2 protein chains.
Amino acid sequence: MTKSALQIARAAYQPKLPKALKGAVKVQEGEPTHSVADEEEIKKLFPNTYGMPLIKLVEGEKKDYAPMNVGVILSGGQAPGGHNVISGLFDGVKRLNPANKLYGFLMGPGGLVDHKYIELTTDIIDEYRNTGGFDIIGSGRTKLEKIDQFEKGYEILKELGIKALVIIGGDDSNTNACVLAEYYAAKNYGIQVIGCPKTIDGDLKNEMIETSFGFDTACKTYSEVIGNIERDCNSARKYWHFIKLMGRSASHIALECALQTQPNICLISEEIEAKNMSLDDVVTYIANAVAARAAEGNNFGTVLIPEGLIEFIPAMKKLIAELNDFLAVHADEYAAVEANKQREYIISHLTADNSAVYASLPEGVARQLTLDRDPHGNVQVSLIETEKLLSEMVGKKLATWKAEGKYVGKFSAQHHFFGYEGRCAAPSNFDADYCYALGYTASELIANGKTGYMSSVRNLTAPAEEWIAGGVPITMMMNMERRHGEMKPVIQKALVRLDGTPFKTFAAVRDTWAKDTCYVYPGPIQYFGPTEVCDQTTKTLQLEQAK
Amino acid sequence: MTKSALQIARAAYQPKLPKALKGAVKVQEGEPTHSVADEEEIKKLFPNTYGMPLIKLVEGEKKDYAPMNVGVILSGGQAPGGHNVISGLFDGVKRLNPANKLYGFLMGPGGLVDHKYIELTTDIIDEYRNTGGFDIIGSGRTKLEKIDQFEKGYEILKELGIKALVIIGGDDSNTNACVLAEYYAAKNYGIQVIGCPKTIDGDLKNEMIETSFGFDTACKTYSEVIGNIERDCNSARKYWHFIKLMGRSASHIALECALQTQPNICLISEEIEAKNMSLDDVVTYIANAVAARAAEGNNFGTVLIPEGLIEFIPAMKKLIAELNDFLAVHADEYAAVEANKQREYIISHLTADNSAVYASLPEGVARQLTLDRDPHGNVQVSLIETEKLLSEMVGKKLATWKAEGKYVGKFSAQHHFFGYEGRCAAPSNFDADYCYALGYTASELIANGKTGYMSSVRNLTAPAEEWIAGGVPITMMMNMERRHGEMKPVIQKALVRLDGTPFKTFAAVRDTWAKDTCYVYPGPIQYFGPTEVCDQTTKTLQLEQAK
């Protein structure tokens, strides 16, 4: 393949490793663990993998390891650094014994079930070191959760002589990795399963997993373009830029980008839900900021919006739920209504509260809520262009205020949505190092016979040399949650904590950012420059770890 | 202001200068020049500034210069490097005589007319070296073309003792700079006017102006995110990404980004116009590529679309012209038609050809063409989401083909529009150097009493040391063109040449790119790394200058 100059130069980068992983390694076991909640249920569901100790990798004596084969899967959405997890795993596995083989299952967990795989050789690995993307073996969203899938997987693992499987994924994929580990352990199949914490969303984190990989690079890439837009905004002084950022559930990405770029406004879904704000409250909040800036002659600004916002507005959530229920029953009747009477039809059939919310929506969004539905008949919330919805409603509110003499200014908006721009960026030095260490750590957990663990590298705001590598029993992160009407053991999703330092830091300064123009321009990720430019972690991590 | 780590590190960058500008400089005059066309008319319109010689700056003897003040204006849309033009100009002016002052007029040419300005001091300049944006003094779109504006400008120039004005802008702004130079010369006001070639669009170039500044950085920034999207596309293997790129007239940006990232498809407006392609031809072209890839199991791809496409499709241009004329007369009648009958109303009132084209458009776009009109009643072409229009029409065509058994595959699209993401990026080394040299050169043209010249720095694919600095009479680039119904002297806009090496290089490989997956991932602009990563020029420039 044709390579860019940067790709060629970057291929030579040797990720920095924690000190303990540089030579021979041994396992140090801590105290037994317990799940974050619902101990009894989780214990019952995971008799073989519950309560295992935390593991720390420390310097040890050189040991001989019998040859073994290992498999690896990329699961779910892309995140920068996946190729480095695999190259770290590859180097680790080969260091244990050069005869060891690494197999990659193709296009996600489906490759395991359908027996699609390749052997990952030095030639292949070397093509992908320090690159973005998951294209080395592809990724997919098949969920590994059924026994026949586990058994189909076992067939091919046995055939290839694979001793351990590494699943690189988000919270759901790691939950399933643990279910699989438990199943193979219960069956005495002799196959270990290790998870790796991946997601740009940043919502897979806890006491032992300081951050998921990819969050750093993705946020830096979004912050680069947000900063560029802010600078444009501050030069042209005539547009409000409404920028939606990927991240369906948690608002970590929006918050991190706000900390990096200091926009006028950043909405945090978790706060909006906690304060039980209505859509009109959100619109009013933005409109007030626009009006306050306009009063000082500044008819421009930047607003960051988390992708999942709509579902965190309690009133919208209720409206969507009723629409789903109502249209499930009245779909045909609704379809028979004349196009220009459909809006009225919906308004007259909903309960009073929801009807009022629906009536307040701009026509395009209202239409989308009733027309664009998924195969199960549900509203497709991800298709709603929240950035346009908000700017349109803000514009209307300002027009009213103008008529009432409460606002003097011009309001003109531009819209952006960033997601795919960052998921496959070449990993920052941090993600390149962190991912490589996660993969390398996985190889040691495997060598030491562990299963049901997630690879863990901690102390991440210190230099890589001082990072602490080890393993965390996945059951330790679990609780029971209702999913599709059933109680299931799952890894707790980490939403933005309103009592956490990152949010509190933001909340303390946002009024100033809203009124004044305090933009910061982070610029593009640098790989070769001074360490304070190239090796900084996210603001989120820095603030969470600040003593 | 709070600065990012990169901004702080980057502030120390010392732009590389052409050898001739490093010490004392003298002017070397070439032969008299003539305009690219319409010599007689241009000569008559510019009696004082026509036919001046080309100028080259060469090493000279140290000379004393009397103190002078200089003014600078940023005109039109933002482009990376504007701050470096100003800092080059500042350093140049101060070197001539430390007592010299530089004034910046605020928010574009309007600042000159309205007497809004600041003195640019060392403290201010140092805050903005090597940064993106035009925020140092702001920019604006006021056109300097009327005598009362020239006279209002003269008042303040006289008051501030300004000897020369530097106007940093695109083709129109430089045309106006020349008109202003001619006016002040004719009036014997003793005020020189110098232009600087700015525009990310890349359409201000000719024999003497090899490229406009900002094109390099903007294209690299767009190529970074396009490359990231391609990598995502190639990892998830389930979406076609339709990416629209800024550039209202010429397709230079799309072509350059294609050369950098090797997408499956890149549309070139100039070619579509030359081949007299219809909208359906364009849609069929894309759909064929989608179908060919689907036949090999590849239901994903990337399409680059120049922003100005619609106006280059002859049939669309005709339709828009008729709609403008028709609605100018029948606006009230149309407004009275029921919403769900408006489409039919338009279809039944247009001439046959245009009616057929209109009928083929998706509802949303059709509506936009008749509803969203500017204050003069014209269709707002820039609001048309061409990327969605095309993907929707491609989807429909594929559905037809599927029904006919001619296509087997899945087609799912994502949409992007990049423009504001790149206009204010921190300048690449190339733009930082080039802009600084342009500003520095302007100071020497001023010192040597020149007016009606554009600052010119050539031989740009050689190391900066070997660049050739000088001045080009603006009249030399002019011809007569019809604008708003009147013949006017204007700088010829440089569209993509279908017989030029960049286009021919692209055309020779695009079929392979369409079928196979040949993506290149340029990654983010680097400022500190190896020279082959940090100092490359655009592919366009490399190919244009290849011998």
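**Figure 1. Contact between helices α14(B) and α15(B) in the predicted model.** From α14(B), the residues B:Arg343, B:Ile346 and B:Ile347 meet B:Ser355, B:Tyr358 and B:Ala359 of α15(B). The contact of these helices has 4 nonpolar residues, 1 polar residue and 1 charged residue. Helix α14 covers residues 342-349 of chain B and helix α15 covers residues 352-360 of chain B. Their axes lie 8 Å apart and the helices pack at an angle of about 155°. Angles over 145 degrees count as roughly antiparallel, and α14(B) and α15(B) are therefore roughly antiparallel to each other.

**Figure 2. Crossing of helices α3(B) and α18(B).** Helix α3 (residues 82-96) and helix α18 (residues 429-447), both of chain B, have axes that come within 7 Å and cross at roughly 40°. This angle makes α3(B) oblique to α18(B). The crossing is right-handed. On the α3(B) side, the residues that meet α18(B) are B:Asn84, B:Val85, B:Ser87, B:Gly88, B:Leu89, B:Asp91, B:Gly92, B:Val93, B:Arg95 and B:Leu96. On the α18(B) side they are B:Ala432, B:Cys435, B:Tyr436, B:Gly439, B:Tyr440, B:Ala442, B:Ser443, B:Glu444, B:Ile446 and B:Ala447. Sorted by class, the contact has 11 nonpolar, 6 polar and 3 charged residues.

**Figure 3. Crossing of helices α9(B) and α19(B).** The axes of helix α9 (residues 252-261) and helix α19 (residues 501-515) of chain B come within 11 Å, with a crossing angle of roughly 55°. This makes α9(B) oblique to α19(B). The crossing of α9(B) with α19(B) is left-handed. Helix α9(B) contributes B:Leu255, B:Ala258 and B:Leu259 to the contact. Helix α19(B) contributes B:Pro502, B:Phe503, B:Thr505, B:Phe506 and B:Trp513. Of the residues in this contact, 7 are nonpolar, 1 is polar and none is charged.

**Figure 4. The interface between chain A and chain B.** In this view, 62 residues of chain A are in contact with 62 residues of chain B. The two chains bury about 4600 Å² between them, and 53% of that area is on carbon and sulfur atoms. Side chains of opposite charge can pair when their charged atoms come close. Between chain A and chain B there are 6 salt bridges. B:Asp135 forms a salt bridge with A:Arg231, and the closest N and O atoms of this pair are 2.9 Å apart.

**Figure 5. A salt bridge between A:Asp433 and A:Lys16.** The side chains of A:Asp433 and A:Lys16 meet with an N to O distance of 3.0 Å. The pair links distant parts of the chain, 417 residues apart. A:Asp433 lies in helix α18 (residues 429-447) of chain A. A:Lys16 lies in the loop between α1 (5-11) and β1 (25-32) of chain A. Over all chains, the structure holds 62 salt bridges.

Definitions and conventions. Residues are numbered from 1 along each chain as its sequence is written. Chains are lettered from A and ligands numbered from 1 in the order in which they are written. This is a predicted model: local features need pLDDT of at least 70, side-chain atom pairs count only at pLDDT 80 or more; totals for chains, interfaces and linings use all residues. Side-chain values use heavy atoms; hydrogens and water are left out. Axes are lines fitted to C-alpha atoms, for helices over the stretch in contact, and angles run from 0 to 180 degrees between N-to-C directions. Helices (H or I, at least four residues) and strands (E, at least two) are DSSP runs, numbered from the N terminus. Angles under 35 degrees count as roughly parallel, over 145 as roughly antiparallel, 65 to 115 as roughly perpendicular and the rest as oblique. A crossing is left-handed if the near helix is turned anticlockwise from the far one by less than a right angle, and right-handed if clockwise. Contact means heavy atoms within 4.5 Å. Ala, Val, Leu, Ile, Met, Phe, Trp, Tyr, Cys and Pro count as nonpolar, Asp, Glu, Lys and Arg as charged, and the others, Gly among them, as polar. Buried area is the accessible area (1.4 Å probe) that two parts lose on being put together, summed over both. A salt bridge is a side-chain nitrogen of Lys or Arg within 4 Å of a carboxyl oxygen of Asp or Glu.
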